[in-house]
Amino acid sequence: YYRHDFSTEDLTHQHRFQTRNHQSDPWIQNSVSKYYSSSPSSSTNPTHAITNTSVHHDPFDLSDLMDRITKPLFRMARSIELDLLNDPDNSRPVALLIGLNALVLFGWKAASIFNLNSFMVRHFTSSTLSISSPKYWHTLLTASVSHYSVIHFVANMFVLWNFGPIVRAGIGADEDFYLLYALAGISSSLVGVLTRKVLNHTSSYSLGASGSVLGLVFWYEQAQPLQMVSVLGYPTTLQNVARGLVTLDVLGVVNRWQFLDHAGHLGGAMLGVGMYQYQCRLKNENTFAILYRIKQRKKFEVKKMYQLEQDENRVFWDGSKYRSSRGGDGSGWGAPEDPPFPDFARDFMSRLRKAMGADDNKDKD
């Protein structure tokens, strides 16, 4: 916890801020102070004193349960806020697409109330009608922003928000990013409709942003195939994820699984791969320019994750955990040399250390 040898004073100071998660509890601080002032063994054996005054933690503490629920929500909301405020060029186009998808989802729910489902099916789903009549060609695109189920919407938008900003950074322009999303959606709808027609599934229809989202994912996979990602908590490379998705969708098409539009997924993925190759070869855009823009976005994400940790410690503050994982001023292992967004981190820790009465010359982390 400290970069110098422990002393009795250090152990006392450390214990006061490790005894309980809620470090500001005056009862705990007063109890520790009284013990050290009255106990005959405290001066000779401070470790024994710490053991005797430890507080039992209830594993079913309601406050801990609330922290487990609210921490992910706070982290997600704060992450979105940092993206929109500090990297609007790459995050706002993605936010606009998510807003458009949310608007259509609201349209589906309103249609259920006012008995307008037939209108939504005709204009916001892709089916064989989409290619049989020019009147419904627009559904090849509108189906890519359409979700009937909230779970379906949340799953697609989660992936879109995680991959969208870095793909936008790599592409470098809003219009090219929107074009990739739209073309991947059209390709997904078209391949799905043609496959269903060949398999005589003419009565079925599909909707959802999965094809467009997979277009973005596979575009990024072409640029960064060895990018590490987490799938259900297991780390792997993006290339392995892409191979697994292609294998699953091919099996779905061969076995005629109808729960998902597997052919549509393949259509969107192929468009993403083709778009990247077009940019790098036929369009003669410098590949290093794409990789450089992606690298700049990754640097921002590192700074953002650092700031999220700082803000999380501010709201759900645990002094012992904070001091063990990061230096007092944020300069411990893994911290950037120039802390990003320093308006909070340094000021807050400075005030905190003064309140703790830390000796800056002796305890300088």
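**Close-up 1. Contacts of Asp261 in the predicted model.** Setting aside neighbours within four places in sequence, Asp261 is in contact with Ser188, Gly192, Arg196 and Ser206. One of these partners, Arg196, also makes a polar contact with Asp261: their side chains are joined at 3.4 Å. Asp261 sits in a loop, with α12 (238-254) on one side and α13 (262-282) on the other. Its relative accessibility is 19%. Buried means under 20%, so Asp261 counts as buried.

**Close-up 2. The largest nonpolar core.** This core holds 39 residues. Leu160, Val167, Trp219 and Tyr220 touch the most other members. Several helices contribute: α5 (88-113), α6 (117-124), α9 (150-171), α10 (174-198), α11 (210-223), α12, α13 and α14 (287-315) each give two or more residues to the core.

**Close-up 3. Surroundings of Trp219.** Trp219 is among the core residues that touch the most other members. Neighbours within four places in sequence are again left aside. Trp219 is then in contact with Val167, Gly170, Ile171 and Leu180, and also with Gly272, Met275, Tyr276, Gln279, Ile290 and Ile294. Of these partners, Val167 is likewise named among the core residues touching the most other members.

**Close-up 4. A nonpolar patch on the surface.** Leu65, Met66, Ile69, Leu73, Met76 and Ile80 form the patch. Together they have about 550 Å² of accessible area. One of them, Ile69, lies in helix α4 (residues 62-86). The relative accessible area of Ile69 is 45%, so this residue is partly exposed.

Definitions and conventions: Residues numbered from 1 in each chain as written. Predicted model: local features only at pLDDT ≥ 70, side-chain atom pairs only at ≥ 80, totals over all residues. Heavy atoms only, no water. Helix = DSSP H or I, 4+ residues; strand = E, 2+ residues; numbered from the N terminus. Buried < 20%, exposed > 50% of the residue type's maximum accessible area, 1.4 Å probe, protein only. Polar contact = N/O pair within 3.5 Å; in protein donor to acceptor, adjacent residues only side chain to side chain. Contact = heavy atoms within 4.5 Å. Core = buried A, V, L, I, M, F, W, Y, C linked by side-chain atoms within 4.5 Å. Patch = residues over 30% accessible without salt bridge, like charges linked within 9 Å, V, L, I, M, F, W, Y side chains within 5 Å. Areas by Shrake-Rupley, 256 points an atom, 1.4 Å probe, with all protein chains shown as cover. Salt bridge = Lys/Arg side-chain N within 4 Å of Asp/Glu carboxyl O.
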